[in-house]
Amino acid sequence: MLMIRVAHILFSYELGGAEQVAINISRNLSDCYHFTYFSSSGPIQNSVMAERIEYQSFDPKQIIKLKREIEATKPDIIHAHDFKASFLANFLFRHIPIVTHIHQSPLWQTTCNLKSIAFKHVAACVSLICL
């Protein structure tokens, strides 16, 4: 059986709510999907690898290298878990469906400003996926 490959992208390097959600999704759906977890290196690596989830660290300052590393995993879906990851995924991967999963509600999101307008554009580009 050919598994659907999913790349989780997070910019955080410590275990928190969004990270736990990505780990839970990966652990609970591992029979049907192959997950690779991409984040900045740090304590999160131990949590991800303890669950036997494929992990790759990246340097947020080396975006082209990150693009190559994600493409090397040949993901069918990108699951972006924060605002930065969503912007980046939509900028770099126009040919791969992207799920944007925002785990917080910052004040700027509730007003009309450059960030909220930019994110509205990103949200309009996101693919709808029914799993």
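Q: In what order do the five strands form an open sheet, and is the pairing parallel or antiparallel?
A: The order is S3-S2-S1-S4-S5, and the pairing is parallel. The model is predicted: local features need pLDDT of at least 70, side-chain atom pairs count only at pLDDT 80 or more, and totals for chains, interfaces and linings use all residues. Residues are numbered from 1 along each chain as its sequence is written, and side-chain values use heavy atoms, with hydrogens and water left out.

Q: Which strands are called edge strands?
A: S3 and strand S5 (98-100) are the edge strands, since each pairs on one side only. Between neighbouring strands of this sheet the average turn is 20 degrees, direction ignored. Such angles run from 0 to 180 degrees between N-to-C directions, and the axes are lines fitted to C-alpha atoms, for helices over the stretch in contact.

Q: How many helices and strands does the protein chain have?
A: The protein chain has five helices and five strands. The names rest on DSSP runs: helices are H or I with at least four residues, strands are E with at least two, and both are numbered from the N terminus. Along the sequence the pattern reads β-α-β-α-β-α-β-α-β-α.

Q: How many bridges link strand S2 (residues 33-39) and strand S3 (residues 54-57)?
A: Four bridges link S2 and S3 in the parallel sense. Among the bridge partners are Tyr 37 with Tyr 55 in S3, and Phe 38 with Gln 56 in S3. S1 and S4 likewise pair in the parallel sense over four bridges, and Val 6 has Ile 77 in S4 as its bridge partner.

Q: Why does Thr 73 count as buried?
A: Buried means under 20% relative accessible area, exposed means over 50%, and partly exposed lies in between, with a 1.4 Å probe and protein chains only. Thr 73 has 8% relative accessibility, and therefore counts as buried. Thr 73 sits in the loop between helix H3 (63-72) and strand S4 (77-80). Its neighbours in contact, meaning heavy atoms within 4.5 Å, include Arg 5, Phe 38 and Gln 56, leaving out residues up to four places away in sequence.

Q: Which backbone atom does the side chain of Thr 73 reach?
A: The side chain of Thr 73 reaches the backbone oxygen of Ile 70 at 2.7 Å. A polar contact is a pair of N or O atoms within 3.5 Å; within protein, one must be able to donate a hydrogen and the other to accept it, and residues adjacent in sequence count only if both atoms are side-chain atoms. Ser 40, in the loop between S2 and H2, has a side chain that reaches the backbone oxygen of Phe 11 at 3.4 Å. At 8% relative accessibility, Ser 40 is also buried.

Q: How do you know that helix H4 (residues 83-92) is mostly covered?
A: Seven of the 10 residues of H4 are buried, among them Phe 83, Leu 88 and Leu 92. At the start of H4, a side-chain oxygen of Asp 82 comes to within 3.3 Å of the backbone nitrogen of Lys 84. S2 is mostly covered too, with six of its seven residues buried. In the protein chain, 37% of the 131 residues count as buried.

Q: How many disulfides does a search of the whole structure find?
A: The search finds zero disulfides; the term requires a pair of cysteine sulfur atoms within 2.5 Å. Cys 32 is partly exposed because its relative accessible area is 43%, whereas Cys 112, at 70% relative accessibility, counts as exposed.

Key
Pairing = 2+ DSSP bridges.
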